[in-house]
Amino acid sequence: MGGTEHLTVRREGATLVLTLDRPEARNALSLPMLVGLHDGWAEADADDTIRSIVLTGAGGAFCAGMDLKALAGDGMAGEGYRDRLEADPDLHWKAMLRHHRPRKPVIAAVEGYCVAGGTEILQGTDIRVAGESAVFGLFEVCRGLFPIGGSTVRLPRQIPRTHALEMLLTGRPYSAREAAAIGLIGHVVPDGTALDKALEIAESVNACAPLAVEAVKASVYETAEMTETDGLAAELTRGWPVFDTADAKEGARAFAEKRPPVYKRA
């Protein structure tokens, strides 16, 4: 199991928990953190015993965005990882879920600040939970910058365009309640309980057939920009093979026998 000084990795049953762990900087993105994220996504993809991923932050914050000094490897915190970035110049985009989509469901557990690059990473997750005091926003235009982590493309596809443009063009902060109202997050919970709720959702995912879960997730994203006709055709391509799996047969037997199913990913 991997991890770096700014990214911790642990298992909770079939869930891999990735924790942004740089609380003194509100978990601003550093090169060690990005390397840890990249490796965490890769570990989840490669390990069939992992059925879901929870992404969270330490110290009461999720992520306050990019730390450009740390990303450049300026100092001891990042220098040891420069070879990883040189070997794969796309590593940071994969880490931020801009150029990579894990095949397992990713659940975000947000406390405190989730702004700039934090809100951009959030858009690469599948299910989102936030504490009541969480703060969201894309502040780049206020700083003369561009939200190049994917927000001008993804955000209008995830929430109504008028809300996406307001968030992008004003650079103002959004409360958790407002973020939920516009559809950016799905659950608002008492402060300090976002991780508990995310793990609860992960357990619900883990109880389902993993091949079916992965196929459903893949279909949702693959068909998002297709016409309805093309999307329905692609759905059949993804969906029909699931019915021939041992997991599908186990699900039917368990239902008939009125017992919990035991899925073996087959």
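The structure is a predicted model, in which local features require pLDDT of at least 70 and side-chain atom pairs pLDDT 80 or more, while totals for chains, interfaces and linings use all residues. Residues are numbered from 1 along each chain as its sequence is written, and side-chain values use heavy atoms, with hydrogens and water left out.

An open sheet of six strands shows mixed pairing in the order β1-β2-β3-β4-β6-β9; strands are DSSP runs of E of at least two residues, and helices runs of H or I of at least four, numbered from the N terminus. Strands are taken to pair if DSSP finds at least two bridges between them. At the edges stand β1 (7–12) and β9 (187–189), each pairing on one side only. Antiparallel pairing links β1 to β2 (residues 15–20) over six bridges, and Leu-7 has Leu-20 in β2 as its bridge partner. Helix α1 (residues 31–46) packs on this sheet, touching β1, β2, β3 and β4 (106–110), where contact denotes heavy atoms within 4.5 Å.

A further open sheet, of three strands, has the order β5-β7-β8 and mixed pairing. Because β5 (113–115) and β8 (174–175) each have a single partner strand, one side of each lacks a neighbour in the sheet. Strands β7 (residues 135–137) and β8 run antiparallel, joined by two bridges.

Asp-67 lies in the loop between β3 (52–57) and α2 (68–71). This residue is buried, with a relative accessible area of 19% (buried, under 20%; exposed, over 50%; partly exposed, in between; 1.4 Å probe, protein chains only).

Conventions: Axes fitted to C-alpha atoms, helices over the stretch in contact; angles between N-to-C directions.
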